Amino acid sequence: MPKGDVPAFNAHGVWAIYRFEMARSLRTIVQSLVTPVLTTSLYFVVFGAAIGGRMGEVDGVSYGAFIVPGLIMLSLFTESIFNASFGIYFPKFTGTIYEVLSAPVSAFEILIGYVGAAATKSIVLGLVILMTAALFVPLEIAHPLAMVAFLVLTAVTFSLFGFIIGVWANGFEQLQLIPMLIVMPLTFLGGAFYSIAMLPEPWDKIALFNPVVYLVSGFRWSFFETSDVPVGLSLGLTAGFFCVCVGIVWWIFRTGYRLKS
Amino acid sequence: MSSVLTVSGLGKTYASGVTALSDIDLSIERGEIFALLGPNGAGKTTLISIICGIVTPSTGTITVDGHDISRDWRAARARIGLVPQELATDSFENPLATVRFSRGLFGRPPDPAHLERVLRDLSLWDKRKARIMTLSGGMKRRVMIAKALAHEPDILFLDEPTAGVDVELRRDMWALVRELRDKGTTIILTTHYIDEAEEMADRIGVMRKGRLIVVEEKETLIRKLGKKQLTLHLPEALPSIPEALAPWGLTLSEGGARLDYTFDTQADSTGIPSLLRRMDELGIVWRDLNTRQSSLEEIFVSLVRETA
């Protein structure tokens with residue numbers, strides 16, 4: 001291709017962003033993988049062995065195994081949001097974003113690069129946690145394809161959400177605000193460590209307004225075929241959240257919100 | 001020469017109501033070095049940022065090598081390299097990785113030989129695997145130039161390229177810019193250093209309050225707008241300027257031993273022969289005389305003041 005001509009899809013540009021973001025994680029491989037694995041192991045020691053031994057079974061599943069999907073989802077949410085928000089916020093903070101904005105890469109290509117890398121990292125992390133969990137509790141996955149589908153869809157959706165937060169944030173405090181004040185509480189209250197059927201009234205009904213309930217429930221169904229809400233509803237809500245995030249990102253690039261003057 | 005960049009009727013008004021640019025018309029010739037001068041807040045960086053796609057224009061059109069930056073933005077942007085004013089680098093990366101990233105970002109396939117050439121030309125090859133955060137300020141600025149050259153652009157924008165760099169690096173930068181121009185790259189630079197523009201530019205544009213008030217060949221600008229001064233050194237000091245010499249608007253200094261006459265080089269008559277004749281008639285003798293051309297800096301200051 002002659003110099004100065006860029007194809008309709010700038011694959012080199014997408015690869016450059018993706019590779020750059022992945023390289024950033026490889027530089028911090030210890031924090032990226034060892035820390036979550038250690039944290040997950042501690043969860044199993046505390047909730048699985050110490051407390052789980054007294055809990056009995058939940059929906060016919062041992063408590064140790066029951067919390068595995070919730071733990072993976074918890075890491076998936078936080079890591080996807082962190083990776084994607086930091087990925088786009090840091091160039092804004094350092095000023096290097098000028099290069100991406102002046103390059104012949106479309107909004108869609110930028111998104112594939114940043115969100116693709118963030119989602120890849122969290123999917124790898126989710127699988128590492130799954131393997132770690134298998135060391136502590138016997139695990140069987142009833143619907144492996146559905147499990148992978150939920151894993152990928154959730155990682156991509158929350159990476160998109162993280163990208164939005166990264167564009168919106170004007171400081172490191174704001175970067176942490178939504179993950180700490182909204183996502184983390186919703187996850188803990190979303191049935192990551194229990195079935196919402198275990199909640200007393202009216203909390204079992206109120207919990208249904210928490211979107212995380214649907215994500216955890218659907219993911220747990222793919223493991224044990226038990227769920228708090230119908231799996232179709234879980235899938236629909238995850239897909240719906242994905243569409244909302246795509247819509248917001250499309251608007252960000254169309255208006256240049258907090259990216260362009 | 002043909003135009004490689006055309007700006008027509010460009011304007012930028014921010015949501016706050018502040019107008020940063022008004023009615024900018026500009027044509028840049030292929031292979032020239034064009035210097036954009038102007039005080040802080042004149043709109044130089046805004047103009048560059050719009051051409052490079054970082055800021056959205058309110059009005060007007062821009063074409064790069066015939067490609068409209070809005071409709072045919074991929075082709076337009078692929079031809080441009082930008083070195084911004086601020087030192088914005090990926091501190092944890094190394095120079096080789098960051099230029100590789102830049103080349104890919106601009107849609108160009110890997111070319112290790114070209115990247116090596118760029119890094120060697122900028123004396124960065126030995127530091128190619130060092131973290132950028134460990135490099136000096138001058139080295140970081142070279143890294144930014146290397147990033148802008150990684151995709152072999154036809155037009156290179158240098159926004160205040162030598163701000164805050166030492167004299168040696170400044171000279172190196174000038175040499176590099178000339179070398180790039182010799183290879184066919186069009187250079188557009190903004191600078192606060194008038195001597196930089198005087199040293200390097202083929203043409204000069206002066207901006208003030210968002211308007212492009214002058215665009216001229218450097219020599220023409222100096223010739224047209226520059227004034228010359230004739231200085232006469234007198235062996236016998238004058239107590240004051242005689243009434244008969246009033247039409248020339250002379251100034252007396254050095255205790256009456258020096259007369260200065262400022263004249264317009266573009267006028268039909270400089271007035272020098274008649275002045276010297278009149279002085280002779282009045283019996284005023286001069287020991288020595290010399291003339292001096294206004295510097296670009298003096299022209300710039302007067303231009304900016306005139307349009308204030």
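Buried area is the accessible area that two parts lose on being put together, summed over both. In this predicted model, chain B and chain A bury about 3,000 Å² between them, and 57% of that area lies on carbon and sulfur atoms. Arg74(B), Phe101(B) and Leu105(B) supply 24% of the area that chain B buries against chain A, more than any other three residues. The contact involves 33 residues from chain A and 36 residues from chain B.

Polar and charged groups also take part in the interface. The count between the two chains is 3 salt bridges. In one salt bridge, the side chain of Arg27(A) meets that of Glu93(B), at 3.3 Å from N to O. Across the interface of chain B and chain A, 10 residue pairs are in polar contact. On the side of chain B that touches chain A, the elements giving two or more residues are helix H2 (73–78), helix H3 (95–105) and helix H5 (137–149) of chain B. By class, this side of chain B has 18 nonpolar, 12 charged and 6 polar residues.

Within chain B, an open sheet of 4 strands has the order S2-S1-S4-S5, and its pairing is antiparallel. Strand S2 (19–29) and strand S5 (67–68) of chain B are the edge strands, and each pairs on one side only. Strand S1 (residues 3–13) of chain B pairs with S2(B) in the antiparallel sense over 7 bridges. Leu5(B) has Ile28(B) in S2(B) as its bridge partner. Helix H1 (residues 44–52) of chain B packs on this sheet, where it touches S1, S2 and strand S4 (59–64) of chain B. The direction of H1(B) makes about 115° with that of S1(B).

Another open sheet in chain B is formed by 4 strands in the order S12-S13-S11-S14, with antiparallel pairing. Strand S12 (251–253) and strand S14 (288–293) of chain B stand at the edges with a single partner strand each, so one side of each is left without a neighbour in the sheet. From one strand to the next, the twist averages 25°. Strand S11 (residues 227–233) of chain B pairs with S14(B) in the antiparallel sense over 6 bridges, and Gln229(B) stands opposite Arg292(B) in S14(B). Helix H9 (residues 272–282) of chain B packs on the sheet and touches S11 and strand S13 (258–264) of chain B. The direction of H9(B) makes about 20° with that of S11(B).

Notes: Residues numbered from 1 in each chain as written. Chains lettered and ligands numbered in written order. Predicted model: local features only at pLDDT ≥ 70, side-chain atom pairs only at ≥ 80, totals over all residues. Heavy atoms only, no water. Contact = heavy atoms within 4.5 Å. Buried area = accessible area lost by both parts, 1.4 Å probe. Salt bridge = Lys/Arg side-chain N within 4 Å of Asp/Glu carboxyl O. Polar contact = N/O pair within 3.5 Å; in protein donor to acceptor, adjacent residues only side chain to side chain. Nonpolar A, V, L, I, M, F, W, Y, C, P; charged D, E, K, R; others polar. Pairing = 2+ DSSP bridges. Axes fitted to C-alpha atoms, helices over the stretch in contact; angles between N-to-C directions.
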